[in-house]
Structure formats: C-alpha cells, structure tokens
Amino acid sequence: MAAAWEEIRRLAADFQRAQFADTVQRLSERNCIEIIAKLVEDKKLDVVHTLDGKEYITPAQISREIRDELYVHGGRVNIVDLQKILNVEWVHVESRALDIAKSDKSVQLVLGQLIDITYLNHIAEDVNDKLQEAGLISITELCKTYDLPGDFLTEELSKRLGREIQGEMDQYNKGIIFTPAFVARHKARIRGLFSAMTRPTPVSSMMGTYGFQEHLLYSVLEELVNTGRLKGTVMGGRQDKAVYMPDIYSKTQNTWVDSFLKQNGYLEFDALLRLGIPDPVNYIKKRFKSSKLLFLRAACVGQGLVDQVEATVEEAVNSATWSDIEPILPSCLSEEDIGILINQAMRNTNVQSSARVLGGTVVVSEKFISNCLTLFDDAMQLKAQKEVKNNPVFLITEDDLKQSHMVPESTTTSKKEKREAERKKKTTEGSGSVKSGGGGNAREIRIRKTKKKGRRDDGSDEETGSTQQQQNRNKQTEVPFMAQEEIIAVLEERMSECPEEIVFELAEQLMRPLTKSYQEVVRTVFMSSTSTPTGGSKKRSVKDLQEEISNLYNNIRLFEKGTKFFSDETQILIAKHLLKTVCTDVTNILVNFLAAELMMSVENPSSITNEVRVKILAKLPEETKGPLMKLHNCLNGKSIEDFFTNMDISAEVCGFMLKADKKKERQALFLHRQALTEQLKETEDPALVLHLTSVMLFQASTNSMLHAPGRCVPQIIGTLMGRIPEEQHRLLSRYQGLVVKQLVSQNQGKKQDQGVGNEEENPEEEVEAIRKELMSLTAEVKDLVLSQKKTQVTEE
C-alpha cells in the first residue's frame with residue numbers, strides 16, 4: 001500500500017515538473033487535427049467529432065450521455081432530440097441507441113424513441129388509476145394519449161395485469177381492459193334486462209340503448225343462457241341481426257300458430273315473419289311433421305281446405321256448370337297459389353280432362369263449354385246459308401292457296417285492286433244491261449297514276465317474309481263466324497250470373513272451336529244446296545251463257561273499233577279501261593262457269609276479284625287452267641288483240657263458240673245509245689253529264705260505240721271538232737272548262753280541310769258562281785243529244 005502511494009507521489013511530481021517546464025516544441029491546432037484524423041483513419045483511435053467540429057467524443061461517452069438524458073427525460077426520449085442535445089450526427093446517436101436497446105433489456109427502442117422500464121411502470125400506474133375510476137378502458141384511447149403503438153401497449157399492459165393493473169382483458173377483444181367490478185355490474189344489468197323481455201328483441205338495439213360493449217354483452221348473454229339463468233335463446237349468433245327469443249314468447253307464438261291453423265286451415269308465411277319467425281317454411285315443417293300440409297308460394301294450407309276445394313271442383317264437373325273457387329280460399333293467396341291449389345285438387349279428383357280453369361280461379365266443366373257451343377247452332381246455320389249464297393269460294397283450302405302462289409303472274413289485293421274495284425263500280429254505274437248494251441260509260445273521277453307506287457308496295461309485301469304470308473293465307477282460308485264482342489253478348493244474355501272476366505275469357509276460348517265448326521257447317525250447307533234441285537237455279541243454262549258471252553264479245557269488238565279514231569297514246573288508255581271492265585266481266589263469266597263444276601260458283605260473277613279468280617283457276621285441270629290463266633294475265637296488259645286471241649282459245653276450251661255477228665251491230669248500237677240516254681236523263685252530276693254527252697255525240701258522229709274512262713273526255717271532245725256544229729263544240733268546251741274548275745276547287749277544299757297545301761284564298765262566291773253556271777248549262781248540254789231526233793253528221 002505504501003509503495004503504491006509512493007508511486008503516486010512520484011507521478012504527481014513528474015506531472016508538476018512537466019507543467020512548469022518550458023516547452024521545447026509546440027503543436028499547432030491544425031497539426032493536432034491532422035494527427036487525430038490519421039489515427040482515426042488507421043483505426044488506432046475511435047472518436048467522433050461534434051457537428052461544430054470543435055470537440056471529439058468517444059462512443060462510450062455518447063452512450064453515457066444518452067443514458068443520462070434518458071434518465072433526465074423520465075425514461076422516454078426521442079433520438080431526434082438526442083441528436084440536437086449531444087451535437088453529433090444522427091447516425092451515431094441511432095447506432096448507440098440500438099446498442100443500448102440490445103444490451104439492456106430494460107430499455108426498448110420504439111418508433112425512434114428510447115423507453116425504459118421505469119416509464120412503462122409509470123404508464124401502468126396511470127392506466128390502473130383510470131381503470132379503477134372508469135371500470136373500462138380502451139387500448140385505442142391509450143394509444144392516442146401516450147402516442148404509442150397499440151400492439152406495444154397491449155403487450156406491455158398484458159404483462160402487468162393482476163399486478164400493477166387491477167383488471168382483465170376481454171378475451172374476444174384484446175383492445176378492451178375492464179375491472180371485475182365493471183363486469184359484475186354489467187352482468188347484473190344484462191341479467192335483469194333480458195329477464196324482463198317478453199318478445200323477440202334485436203341484441204344490437206340493446207347495445208345502442210344501454211351502452212353495452214358488444215363482445216362483453218354476447219359473452220355474458222351466452223353464459224346466462226347456457227347456465228339456464230335466462231329462459232330463452234339467442235338466434236343468429238354473434239351477428240348484427242342476432243335476436244334474443246324469450247321462451248315465453250316462443251310458447252305464445254307456438255300457441256297462436258297452432259290455433260290459427262286449426263281454425264282457418266292455413267298459415268301465411270308473411271304472418272309468421274311478422275311474429276318474428278325468420279324461416280317460416282322450416283319452422284312449419286319441424287313443428288307439424290305429422291300433418292299433411294300443401295306448401296304454396298305465400299302460404300301453406302291444411303288438408304281440410306284442400307278437401308273443400310276438391311268437393312267444389314267435383315260439384316262443378318258433375319253438375320256441368322262452373323264454380324268460382326276464390327270465395328272459399330283465404331284472401332292472402334295469390335293467383336299463382338290459387339292455380340297451384342286448384343290444379344292439385346283436379347289431380348286428386350282426376351278431372352283434368354273434364355274441366356278447365358278460367359280467370360285463374362273459376363273451374364268450368366267441359367260439358368258446360370259444350371253447352372255454350374250449342375247456343376250458336378241456330379245462328380251458325382242461318383249465317384252459313386247466307387254465306388253459301390254470297391261467296392262459296394271459301395272451300396278453297398290452304399293447299400290450293402299454295403298452288404295459286406306458284407302461278408307465274410300473281411295478283412294482289414292491295415290498294416291498287418281497291419282502286420280498280422271502285423273505278424269499275426263508278427264506270428258501270430247507271431249503264432244499260434251488259435247483256436244488251438255492253439257496259440256503261442260512267443264518269444271516272446280523276447285519280448293520280450299510282451301504278452308504280454302499287455308495284456313498289458307489291459314488292460315490299462313480298463319482302464315481309466314467308467311467315468307473315470303464311471299467317472295471312474291461313475286467315476284468308478277461314479270464313480269468320482262472329483266477332484268476339486258478339487260472342488260475349490250472346491254469352492252474357494244466357495249466363496247473367498257469370499262474372500264479366502270469365503265471360504270474356506270464355507269467349508276467347510270459344511272463338512277457335514266456333515270458327516272450325518262454322519267451316520264444317522258452311523261446307524255441309526253448301527254441299528246439300530248444290531245437290532238439291534234448287535241448286536240448279538244458280539247455274540245458268542249453257543244457251544244463256546252463250547248468248548251473254550257472244551253479246552259481250554261483240555260489244556268489245558265494237559268498242560275496239562271506236563278506239564281507232566284516237567291517237568296511239570289514247571288508244572292504250574282506252575284499251576286498258578276495256579280490259580279492266582268489260583273484258584274482266586266476260587272473263588269472270590267463263591271462270592264462274594267452270595267454278596260451278598267444282599261447286600265454287602257465285603251468284604254474281606262480277607263479284608269475283610283477282611284473288612278469287614286465281615284461287616279458282618288453281619283448282620282447275622291443267623287443260624283448262626293454262627288458257628284461262630293466259631286470259632287472266634292479259635287483263636293486266638294493254639293489248640285488246642291479245643285478249644281476243646286468248647278469249648277465242650278459252651271459249652273453245654269451255655265449249656262456247658264465238659263469232660262476229662254483223663247483223664247484230666245495229667241493234668247493239670241502238671241498245672247502247674238507249675242505255676246511255678236513260679242514264680243521262682237521270683244524272684245531274686256535271687262531270688257525268690259531260691262524259692255521257694261526249695260519248696253519245698261521238699257515237700252519233702262516227703257510228704261507233706265507245707267505252708272510255710273519264711280521263712279521256714278531253715280527247716273525245718277534241719275528236720268531235722269538225723264532226724259536230726261549231727256552236728255545240730264551243731258549248732262542250734266551255735262546259736268542260738267549268739267542270740275542271742269545279743273539280744280543282746273541290747280538291748283544294750279537301751286539302752285545306754286536311755291542312756295540306758298552300759293556304760290560298762278560294763272565295764265561296766267563285767265556287768258558287770261556277771256551280772250556278774254549270775246548272776244553267778247542264779240542260780243545254782243534255783239537249784245536244786236528247787232533243788235531236790237525228791244528228792247532223794259531218795263526214796270528213
């Protein structure tokens with residue numbers, strides 16, 4: 001010991017001498033820095049210079065100063081703050097902090113902060129104080145308070161539960177810490193609250209109302225239910241839709257369900273849902289395993305209700321009447337459910353083939369429907385007899401229609417045919433007998449040429465598709481019996497007690513069988529009428545037909561002779577008119593004559609349309625169909641010569657002989673003039689008066705008959721120039737101008753009524769003046785042909 005002190009004294013003396021001795025060689029500050037830098041570079045010295053570069057500090061000193069600062073800051077300090085305090089680079093501070101955290105278990109580095117155990121113990125003490133005061137504390141709130149991660153706090157606080165912290169952590173939610181007193185208090189509240197419940201209650205509503213913790217509530221509730229302390233069940237598990245069902249409510253619920261089914265014989269699913277039964281179907285199946293129930297869409301019905309429906313169905317079938325099932329069924333059943341129930345009852349009673357369901361709720365016996373069909377027998381017979389007289393062509397079947405569509409030159413029943421029918425009606429109005437006078441020359445109202453448009457319409461019709469054509473053909477082959485409204489009227493008269501909806505649906509179902517029955521009745525009536533002697537009245541004798549056809553043939557030749565006085569263009573117009581009128585009439589007579597052999601003739605041949613003519617021709621044998629089809633096709637042409645050629649061949653095929661009889665030409669001219677004269681006397685229409693007068697003056701001046709359309713009147717008047725006195729021609733021309741003005745005024749008035757065209761003023765005074773002038777001249781124009789006994793003929 002003494003030797004050691006001696007050594008210390010000796011060193012102290014040496015140090016003192018060194019301090020007082022004069023320095024032989026001093027190092028500058030720059031040299032010192034370079035030396036230290038060299039030593040650090042050679043790793044012989046481990047020091048760190050400060051940020052200001054004025055001091056050097058060792059790593060051990062940094063560690064000591066970090067521990068000192070940690071202690072000064074109460075056990076928690078941020079590395080960023082340490083870097084400012086120690087005045088060294090942040091990398092060195094972080095490195096030494098990591099070394100301290102690794103070497104010392106009581107110190108941890110969390111999110112760039114050094115925290116020691118003393119700070120954590122202090123936190124635990126604070127948490128325990130808050131927990132004892134509130135009874136429950138959330139880790140989330142502690143994270144916000146202490147600015148520490150939740151996992152770190154949860155781990156550290158869990159270690160101190162039962163020691164520094166007097167509480168426990170929720171096993172389902174690790175973020176909640178509560179005290180036993182808190183649990184006991186809530187358990188008592190939950191026990192009392194749920195014990196008082198008498199109806200199903202959503203658990204989630206209790207949490208919102210009384211502030212229960214979700215997991216704590218479910219845990220306590222399951223414990224109380226499992227131990228039998230609470231008489232009830234939790235339905236839905238730990239979900240938002242979980243419902244607590246008290247046993248007393250379940251008993252009341254079961255009692256209500258049992259009594260309702262017993263009294264009413266059915267259970268509505270929506271009613272069970274309103275009672276709080278979430279799955280009504282499974283509930284009913286489990287509760288009534290031994291009962292025989294029929295499950296529908298919205299309800300289930302008992303066997304008693306099914307038996308009642310079966311009895312009603314059997315009664316309707318056996319009594320050949322109808323029964324409405326809806327009054328005996330619950331109002332909650334939908335139409336679909338009623339249909340299922342009725343079908344089940346019909347299967348059970350095996351009456352599917354003896355009855356049908358109308359309106360979804362009414363069971364109708366097939367015998368009743370048959371009786372309804374018999375209500376129309378008398379009306380069917382009367383209408384069939386009337387139909388046979390008017391149009392027996394209905395006998396043409398669908399196969400015949402298909403053959404008619406294979407004909408090279410098809411015809412249409414479009415607007416074009418309607419216009420032709422209207423034109424034919426007007427041009428033959430008031431004429432003399434076809435047989436004796438050869439057709440009339442009624443004025444034809446001017447119509448715009450629409451043939452091209454008609455052809456486009458025909459083409460578009462062909463492009464609509466074979467499906468639509470097939471449907472149209474099927475509709476055309478059937479003769480309609482009654483409209484649905486007429487059938488409804490008959491049914492309502494005979495069945496006043498039947499609901500209106502059922503009568504309407506019954507009428508719909510009777511439409512098809514009535515139509516089919518009507519076809520058979522008409523065929524039967526037709527066959528019986530043609531087989532009786534009275535049927536011969538419909539067939540003219542061959543002699544009468546020969547005379548009629550010969551007269552028409554001669555008239556056509558005389559008409560064709562009159563066209564030679566006109567230009568080629570006018571001749572074509574007149575020829576087309578002849579083909580559409582008189583030539584069509586004689587063709588229809590031939591076709592009707594052959595149709596009589598097939599029992600398809602009509603009483604009036606002029607009623608045969610292009611379509612009917614094609615149908616009849618399709619039924620004829622090949623040797624007659626060919627020539628007559630050519631004759632039919634030439635009616636749409638513009639050559640009278642082609643008609644004569646085909647007419648001769650067709651007449652020969654039919655057994656008629658045609659020859660030009662010049663002896664009868666004088667008589668034909670006289671009869672034709674007489675027919676036109678009678679028509680002229682009766683008419684007051686200015687346009688028709690002009691037409692008839694012009695034709696009669698033409699016949700008187702040329703000794704040739706003329707059958708021309710109204711559009712050719714100007715050409716006829718032009719031809720008369722030089723053939724009649726100039727005063728008469730001027731009168732005709734003046735009358736023609738007035739007629740044209742009147743027609744123009746009428747057309748403009750129609751357009752203005754329809755809102756079409758320019759709004760030009762057309763004073764009524766001018767129209768009235770034209771009408772009065774026409775009326776004053778009409779008598780003079782008629783007198784041109786009526787007053788003269790012998791026309792002055794001026795021949796060129």
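Visitor: Why is D14 called partly exposed?

Guide: This is a predicted model, and every value discussed here is computed from it. D14 has a relative accessible area of 29%. Buried means under 20% and exposed means over 50%, so D14 at 29% is partly exposed.

Visitor: What makes the contact of D14 with R10 a salt bridge?

Guide: The closest N and O atoms of D14 and R10 are 3.6 Å apart. The cut-off is a side-chain nitrogen of Lys or Arg within 4 Å of a carboxyl oxygen of Asp or Glu, so the pair D14 and R10 qualifies at 3.6 Å. R10 is partly exposed, with a relative accessibility of 42%.

Visitor: How do you know that D14 and R10 are separated by about one helical turn?

Guide: Both belong to helix α1 (residues 2-20), and they are about one helical turn apart because four residues separate them.

Visitor: Why is E726 called exposed, whereas R730 is called partly exposed?

Guide: The relative accessible area of E726 is 56%, and exposed means over 50%, so E726 is exposed. R730 has a value of 48%, which lies between the limits of 20% and 50%; therefore R730 is partly exposed. The two side chains meet in a salt bridge at 3.0 Å, N to O, and both residues lie in helix α34 (residues 726-753), four residues apart.

Visitor: What makes E768 and R771 a salt bridge?

Guide: Their side chains meet at 2.3 Å, N to O. The limit is 4 Å, so this pair meets the criterion. E768 and R771 are three residues apart in helix α35 (residues 764-786), about one turn of the helix. E768 is partly exposed at 30%, and R771 is partly exposed at 35%.

Visitor: Which residues do salt bridges with shared partners join into one network?

Guide: E7, R10 and D14 are joined in that way. Across the whole structure, the search finds 16 salt bridges.

Visitor: Turning to the sheet, what makes β6 and β7 edge strands?

Guide: The open sheet of three strands has the order β6-β8-β7, with antiparallel pairing. β6 (136-138) and β7 (168-169) each pair on one side only.

Visitor: How do you know that β6 and β8 count as paired?

Guide: Two strands pair if there are at least two bridges between them. β6 and β8 (residues 176-178) have three bridges, in the antiparallel sense, so they are paired. The bridge partner of S138 in β8 is I176. Helix α7 (residues 139-146) lies across β6 and β8, at about 60 degrees to β6.

Definitions and conventions. Residues are numbered from 1 along each chain as its sequence is written. This is a predicted model: local features need pLDDT of at least 70, side-chain atom pairs count only at pLDDT 80 or more; totals for chains, interfaces and linings use all residues. Side-chain values use heavy atoms; hydrogens and water are left out. Helices (H or I, at least four residues) and strands (E, at least two) are DSSP runs, numbered from the N terminus. Contact means heavy atoms within 4.5 Å. Axes are lines fitted to C-alpha atoms, for helices over the stretch in contact, and angles run from 0 to 180 degrees between N-to-C directions. Buried means under 20% relative accessible area, exposed over 50%, partly exposed in between (1.4 Å probe, protein chains only).
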